[in-house]
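Reader: Could you walk me through how to read a structure like this one? I'd like the general idea, then the case at hand.

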Amino acid sequence: MVVDMDVEELLIMGDSDLIIRQAQGEWKTRNIKLIPYMQHVEDLSKRFKSVEFMYIPRFHNEFVDALATLAVMLPYLGNVHIDSLDIQIREKHGYCNAVEIETDFQPWYHDIKRFLKTKEYPKQTSGDQKRTIRRLANNFFLSGDVLYKRTPDLNLLRCVDAQEARKIINEVHSGVCGPHMNGYVLVKKILRRVIIR
């Protein structure tokens, strides 16, 4: 794209220290699969008067990382006009605004679990509400006292309450469950372990 725009001086910023150092020529690329890509970068670099590669640590790059995650999640059909994004920066993280308080100290899946266990409905439940609970219960599986949700590809996701969900998110985010990764991969890792409301 920048070649087509006749850009002469280019600054490329990335959050992978390894790739930036390889592109700068400080480190060699040893992975056979990556060598053609590095050769392509070298060939493209010759088309500019100057090209500079700059490493930016991920914790200084949260906003760009979030946009990259969003770009990966949305399909681009090509030759389609995409309106510009209006982005508001809030003082609080988005997940703080999405936390829901569980009423009556019961987890969100309480009625489904009780129905699967005893075939009982909550008191004062209408016919439509009973039908909804039955329909929802078809997608869940009870093993002992642990409730799982079936996914379309027949995987089982363990259901957790808000307190356990916070614990799991903190563990994954702090690196207890492996290395820290970008937001999209982190979400997939959490969803593999649990389903939360």
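Author: We'll go from the overall layout to the core and then to the aromatic rings. Keep in mind that this is a predicted model.

Reader: Okay, how many helices and strands does the chain have?

Author: Eight helices and six strands. Along the sequence they run β-α-α-β-α-α-α-α-β-β-β-α-α-β. Of the 197 residues, 18% count as buried.

Reader: And how should I read a nonpolar core? Which residues make up the largest one here?

Author: Generally, nonpolar side chains in soluble globular proteins tend to be buried together. Here the largest nonpolar core has eight residues: Y109, I112, F115, I133, A137, F140, L147 and C159. Helix 5 (110-118) and helix 6 (127-137) each bring at least two residues to this core. Take A137: beyond its neighbours within four places in sequence, A137 touches I112, F115 and L116.

Reader: Now the rings. How many aromatic pairs are there, and what describes a pair?

Author: A pair of aromatic rings is described by the distance of the centres and the angle of the planes. This structure holds two such pairs. F115 and Y121 are tilted, at 5.2 Å centre to centre with 35 degrees between the planes. F141 and Y148 are tilted as well, at 6.5 Å and 35 degrees.

Reader: Is F115 buried or exposed, and why does Y121 count as partly exposed?

Author: F115 is buried, at 8% relative accessible area. Y121 has 23%, so it falls between the 20% and 50% cut-offs and counts as partly exposed.

Reader: Which residue lies over the face of F140?

Author: That's K149, at 5.6 Å from the ring centre.

How values were computed. Residues are numbered from 1 along each chain as its sequence is written. This is a predicted model: local features need pLDDT of at least 70, side-chain atom pairs count only at pLDDT 80 or more; totals for chains, interfaces and linings use all residues. Side-chain values use heavy atoms; hydrogens and water are left out. A nonpolar core is a set of buried Ala, Val, Leu, Ile, Met, Phe, Trp, Tyr and Cys residues joined through side-chain atoms within 4.5 Å. Buried means under 20% relative accessible area, exposed over 50%, partly exposed in between (1.4 Å probe, protein chains only). Helices (H or I, at least four residues) and strands (E, at least two) are DSSP runs, numbered from the N terminus. Contact means heavy atoms within 4.5 Å. Rings of Phe, Tyr and Trp (its six-membered ring) pair if their centres lie within 6.5 Å; planes under 30 degrees apart count as stacked, over 60 as edge-to-face and the rest as tilted. A charge sits over a ring if NZ of Lys or CZ of Arg is within 6 Å of the ring centre and within 35 degrees of the ring normal.
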